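Subject: A structure to look through, with notes

Dear colleague,

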Amino acid sequence: MQLIVIHDIADFAAFKTAFDAADEHRRDNGLSVLQLWQDASGGKAVVLYTVSDRSKAERYLATTVKLLTEKAGVSGTAHHFVKTA
């Protein structure tokens, strides 16, 4: 299973710094980053993860994403759990 997370951001550099600092917390919650993209307009960051434990991933979304909002100026987040069809 994969997880796609889309963050509305003001400053990609600030987001990336906070995102990188959360690496251990992501791993502890069963998430591995496959790809991080910056929207061409600069207003979004999109992350694709591999999920090994959905309940832990949901905990990550409830906690760390909140920290990114506070530390990196994330103004909104949407997420989708997906699987290969």
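This is a predicted model: local features need pLDDT of at least 70, side-chain atom pairs count only at pLDDT 80 or more; totals for chains, interfaces and linings use all residues.

Which residues does Phe12 touch, not counting residues up to four places away in sequence? They are Leu36, Trp37, Gln38 and Ala45, where contact means heavy atoms within 4.5 Å.

Residues are numbered from 1 along each chain as its sequence is written, and side-chain values use heavy atoms, with hydrogens and water left out.

**Confidence**

The protein chain has a mean pLDDT (the predictor's confidence in each residue, from 0 to 100) of 92, and 100% of its residues reach 70 or more. Confidence is lowest in helix 3 (residues 54–72), with a mean of 84, and highest in strand 2 (residues 31–38), at 98. Helices (H or I, at least four residues) and strands (E, at least two) are DSSP runs, numbered from the N terminus.

Four strands make up an open sheet, in the order 2-3-1-4, and their pairing is antiparallel; two strands pair if DSSP finds at least two bridges between them. At the edges are strand 2 and strand 4 (76–82), each of which pairs on one side only. On average, neighbouring strands of this sheet are turned by 20° against each other, direction ignored. As background, strands of a sheet pair through backbone hydrogen bonds, either parallel or antiparallel.

Strand 1 pairs with strand 3 in the antiparallel sense over seven bridges, and His7 has Ala45 in strand 3 as its bridge partner. Strand 1 is also joined to strand 4 by seven bridges, again antiparallel, with Leu3 standing opposite Phe81 in strand 4. The covered face of strand 1 carries Leu3, Val5 and His7, whereas Gln2, Ile4, Ile6 and Asp8 are on the uncovered one.

**The helices on the sheet**

Helix 1 (residues 12–21) lies across strand 1 (2–8), strand 2 and strand 3, and runs at about 170° to strand 2. Helix 3 packs on the sheet too, touching strand 1, strand 2, strand 3 and strand 4, and its direction makes about 165° with that of strand 4. For these angles, axes are lines fitted to C-alpha atoms, for helices over the stretch in contact, and angles run from 0 to 180 degrees between N-to-C directions.

**Rings and charges**

The structure holds three aromatic pairs. Rings of Phe, Tyr and Trp (its six-membered ring) pair if their centres lie within 6.5 Å, and planes under 30 degrees apart count as stacked, over 60 as edge-to-face and the rest as tilted.

Phe12 and Phe15 form a tilted pair, 6.1 Å centre to centre with 40° between the planes. Both lie in helix 1, three residues apart, about one turn of the helix, and both are buried; buried means under 20% relative accessible area, exposed over 50%, and partly exposed in between (1.4 Å probe, protein chains only). Together with Phe19, Phe12 and Phe15 form one aromatic cluster.

Why does the pair of Tyr49 and Tyr60 count as edge-to-face? The ring centres of Tyr49 and Tyr60 are 6.1 Å apart and their planes stand at 70°, so the pair is edge-to-face. Tyr49 lies in strand 3 and Tyr60 in helix 3, so this pair ties together parts that are 11 residues apart in sequence. Both Tyr49 and Tyr60 are buried.

The charged end of Arg26 sits over the ring of Phe19, 3.8 Å from its centre, and that of Arg54 sits over the ring of Phe81, 4.1 Å from its centre. A charge sits over a ring if NZ of Lys or CZ of Arg is within 6 Å of the ring centre and within 35 degrees of the ring normal.

**One more residue**

Not counting residues up to four places away in sequence, His80 touches Gln2, Leu3 and Ile4.

With best wishes
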